[in-house]
Structure formats: structure tokens, C-alpha cells
Amino acid sequence: MQSKWDIGEPEKPTINSETEQLKSDLLTLNMGPQHPATHGVLRLEIWTDSEIVAHAIPHLGYLHRCMEKHAENLDYRGVIPFVDRLDYLAAMNMEWTYVAAVEKMLGTEVPRRAELIRILVAELNRIASHMMAFGTYAIDLGAFTPFLYAFDEREKILRLFEEVSGARLLYNYIWIGGVWNDWTDEQLERVANFCDVMEEEIKKYNELVSMNKIFIERTANVGVVSIEDCFAYGATGPILRGSGMKWDLRKNMPYGLYSEFDFDIPVGSSEVAGQAGDCWNRYMVRMNEVNESVKIIRQVIQKMEPGPVMGKVSKIIKLPKGEVYVRHECPRGELGVHLISDGGKTPYRLKVKSPCFTHVSMLPHIAPGQMIADLVATVGSIDIVLGEVDR
Amino acid sequence: MLNVDFNKLAELINQNVSGANATVNTTEDAKTDSSISVEASKIFSVVEFLKTNKEMPFNALQAVSGVDYVEWMEVCYIMAHFDLTTPRELILKVKVTDRVSPAVDSVVSLYPAANFQERECYDMFGIKFNNHPDPRRILCPDDWEGFPLRKDYVAQKVYNGMEVFPDHKMNYDDREFIVRQDMIKKAQTQAAN
């Protein structure tokens, strides 16, 4: 393979011709599978020309469990814990997407309180996931303290989830027909208090990190992805919004009760720093999304009304013959579930379209020409979770 | 499926791509989605038409996935149009009847998104994509045998000197394996006939 990266004529060998010869060749480096900047077991094979990346080749599959095959041998309720383990940082969003696909085929009516609770847990989990993204991104760029701040807030959300679902990370909470457990008024009040704290915290994070001159120097105008590239590679979520497209499934193709809620879609632009589509704008979209999520959660608590949290679903679920494709806006992009049923008790085929898998496929396109340190910033700003990439 | 008039789209495909033979798989049930089937040999021209046409364009390819129906295999191209006024979705299907060396044309030159998706489809179903720039496995190791999502898949006994599914660790009474054995038996009898 020849390098596309042209650095002009190499210097003439002077002292040791063999060493000089070596310098002109591309050096292969392995970033990962265990590397702090890859956020999991991703291996990036990087061909470098001194400090500059000529090629980046992702090697996937270190966390491959073939959950799609497992799903074919489980009943529809049994698949939910497996779906949890896709994006383990936003398990509520994963569950909701799969459950929505089954419910669409089944034609189940979900009680209003259950729908509201679903939005509540999905948005809380979005905040928790973005806090994780924020903390680890700061670590990637050499700042350790923000990670501790972010985990403090994330911990509050996980405590609440632990109380209602019994688990801190993999919840199995959203069930077909509704949700497993109800929230008490006391818990909802704590969520309302958390909203106030979170808004103040976000202001603090913005002062501490987002508007920090060093941080902006490291991330602005780095790893730029144009809107055309986003469409070509099928990128969604914060990547697409960071490039300047005002697209959010919750607004543009509303599901659940999202059409009743009032919130904005943050997009990247060149107004404050950098340009649309660079690392800083992608990062900033996430930070602004936390504020929007807080807005939605406040409205959920206002709208909350007493009622059942579980609809009527028969004991043995059999779906009609056919197929359905459902996509939801998850913290990392659009998760798509393509569910095919042959009328039996188990899914005939379950295809999960993972946003992170799509975003990793962009790396060979973005990386060439960057410094290695900038590649770390780019990978961090894309915010991948390997459980979802490898499934 | 949103904002797509399937009959009109099938008509458009038939008018503009000769031999595409587009048919609509309608469902009477409103709960399930309709899709469009086209000839496997014309998939490149059909996707090219869907990307470039003015009436109903699709600007993104979301996923390429396979389905094993034992008698035949299917490749589903899930396409979407990201547009603030008229977002669209479409499931496009091609049928592959050859189980021994199934192959369809790659669409990577139209949508770079297809690169990893087609590699995954090859990895899981063994469907080859002609003119693919990097036709390797992606999730399984390069020297893995068999294609896991085929219905008649049986995992290899030994991989690199390691026993796969060692007997003392398996619970064959588990429901999961009963179902799987049924599936394998069904696929094998189908293949024998």
C-alpha cells in the first residue's frame, strides 16, 4: 500500500544511509487493543510518517459476542438483557429502541405514565452518557479533574436507576408493554433537585473546560467532518449535528411522546470557536444537549400523572409475520433495529444498526494527515462504545 | 416507513433501470413495514438511481444486512433520506439463491458507509460483494471457519488449539440449544432436498 500523504522529497542521506532510509519509510504503530484513548478494546493500526498519520486502519471484533445470533434463540422478552449490553453506558436508550420495535409489531398500547417514565429514564441516561463522554474526553486531552466532577453527577443518576431497577449499569427496566417499576414522588423530587444542580454544574464545566484556551487550541479545527461526509458515511447523532445539520429524530420524526415536549436542537457552528464539524463543536453539541435533556426532564415531572406503568401483554408473545425497522435517537447517534418475525416465539432475524460502528468506519477517512495527538482528540470526540461497535 | 409511495417508487425504478424488476412487498397489516425487491444483478444501478434521482432521493445508506431464509438468502439495504422537510426510509431487498458462492455487486463507490456494512454481511453470511475494496472479515477473526448467522451454522470444534464450546462448560439442556438444534436440522434437510 502506498501512502497518499506526500511530504515531498526526502533529505539526502548524510551520515548513516541505512538509518536515513528507515526514516523515509512509514512506521506501523498499534494503538490499542488496550489503550486509554480508545475507550475500550479497539485496535487502530496507524501508519505514521514521523508524527503524522498516513493511514489508520481500525481492527474490530475484540468484544464480539454475536448477540444477533443469541437473539434468534431467545423469546422476545429474553432479548432485552442482551440489548442492554450493546451500549452499556446508555442501556435505557438501547432497551427502548428494541422494545419499541416489538411493540410496533405487536400493536401494544403503552400507558401514558409508562411513556413519560421512558422519556425520563432515557434523558437521564443521556446525561449520564454525555457526562462519561465529557470526563473521558478531558482525560484524553490531559485534564484529569473534570473526570471526577463528571463522575460525581453520573453517580447521582446511577443511584436513582439502582433504586428503580436494581442495577447500576445494565437495567432490564423497560419491558414490552411498559416499564418494570414505578417511580415514587420522593424519587421524582430528587430528580427535580438534580436538574437544578446539573444546570449549575454544566456552567462550571463550560468555564473549566469548554472555554479553556488550551482545550480550544487542542480541539478547534481538528478532525473536521463535512456534512457531505456525514451523509456518505451515514453518520448520525452529535457528529451530524456538530457538522451543522439541525437533525434530531426526537424532533424530526418524533416517537413516544416527544412531540409534546419543547426543546432545541444544538448544532455546531463557527460562532464561538473553530468551525462546524470539528472536535470542539462535536463536544459542545453534547454539552448543550445535557441542558436540553434537563429541560425535557423538568417537563416530564410537570406532566407526570398517576396511573399504571404496565400495559396488557399476553404471557407468550408471538409477533405477526413481517418486518419492521425502528430507529431512535440515542446519545451516540441513531440506533436502528431491523426485526424480522416468521410468526414464531423468537425473532427470526434481529439486525442492530449501530451508530458507533458507522462512526468507526469514518476514521480511515478523517485520520490521514493528522498528528497522532490530534487523532486521539478525534477518536475521543466521536465517543465510541465498543460494546456497540462489536455487538 | 415514512414518506415513501412504494408503488410510485417501484414504477420509477422500473422505468429508469431496465431489468430491475422492482416489486413491492406490501403488508396488509399496518403494524409492519413494506419493502421493495429488485433483481440482484441490478442492485448497483438501482442504488445509483435512488441516490441521484430528483423525485425521491436517498442521501444515506444506513445498513446492509443479510437474512438467511434457508431456501434463499436476502440482502437488505436500509436507506434513509436526511431532510428537514421530507425525511424518508426504505428497505430495499435482493434475493440471492446460490448458497455455495453467493455474490452481489458492492455499492461502496456510491456510499462509503457500505464498506464496513458489507464486510459485516460477508462475515456473518458469506455473501461476497464484487468490487469491494477491502473484502475481509470484520468482527470474527480472519481465520474463523463458517458464517455464524446462517441458520445451518455449526461452530468449529477447535480454533488455534483451543476447544470451542467445551463439553464440561455447556448446558445442552438449555432451551437455547434445543431451538438451535431444530434450526440446524431443518436447514440441513432443506439443503439435502
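**View 1. Chain A as a whole, with its 16 helices and eight strands.** In this predicted model, the C-alpha trace of chain A spans about 80 × 50 × 35 Å along its principal axes. A compact globule of 391 residues would have a radius of gyration near 21 Å, and the 22 Å found for chain A therefore agrees with that expectation. Of these 391 residues, 50% count as buried, and among the contacts in chain A between residues at least 6 apart in sequence, 70% join residues at least 24 apart.

**View 2. Helix 6 of chain A, residues 145-165.** This helix has 21 residues and reaches 30 Å from its first C-alpha to its last, which is close to the 30 Å expected at 1.5 Å a residue. Its buried residues include A:Pro146, A:Ala150, A:Glu153, A:Ile157, A:Leu160 and A:Phe161. An α-helix has 3.6 residues a turn, so residues three or four places apart point the same way. Helix 5 (112-140) and helix 7 (185-210) of chain A are among the elements that cover the buried residues of helix 6. Just after helix 6 of chain A, A:Gly166 takes a positive phi of about 90 degrees.

**View 3. The contact between chain B and chain A.** Chain B contributes 33 residues to this contact, and chain A contributes 37 residues. On the side of chain B that touches chain A, at least two residues each come from strand 3 (60-68), strand 4 (73-81), strand 5 (88-96), helix 3 (114-125) and helix 4 (175-192) of chain B. Strand 3 of chain B gives the most to this side, with six residues. By type, the residues on this side of chain B divide into 21 nonpolar, six polar and six charged.

How values were computed. Residues numbered from 1 in each chain as written. Chains lettered and ligands numbered in written order. Predicted model: local features only at pLDDT ≥ 70, side-chain atom pairs only at ≥ 80, totals over all residues. Contact = placed C-beta atoms within 7 Å. Helix = DSSP H or I, 4+ residues; strand = E, 2+ residues; numbered from the N terminus. Nonpolar A, V, L, I, M, F, W, Y, C, P; charged D, E, K, R; others polar. Expected span 1.5 Å × (residues − 1). Buried ≥ 20, exposed ≤ 12 C-beta atoms within 10 Å, placed from the backbone. Rg over C-alpha atoms; globule rule 2.2 N^0.38 Å.
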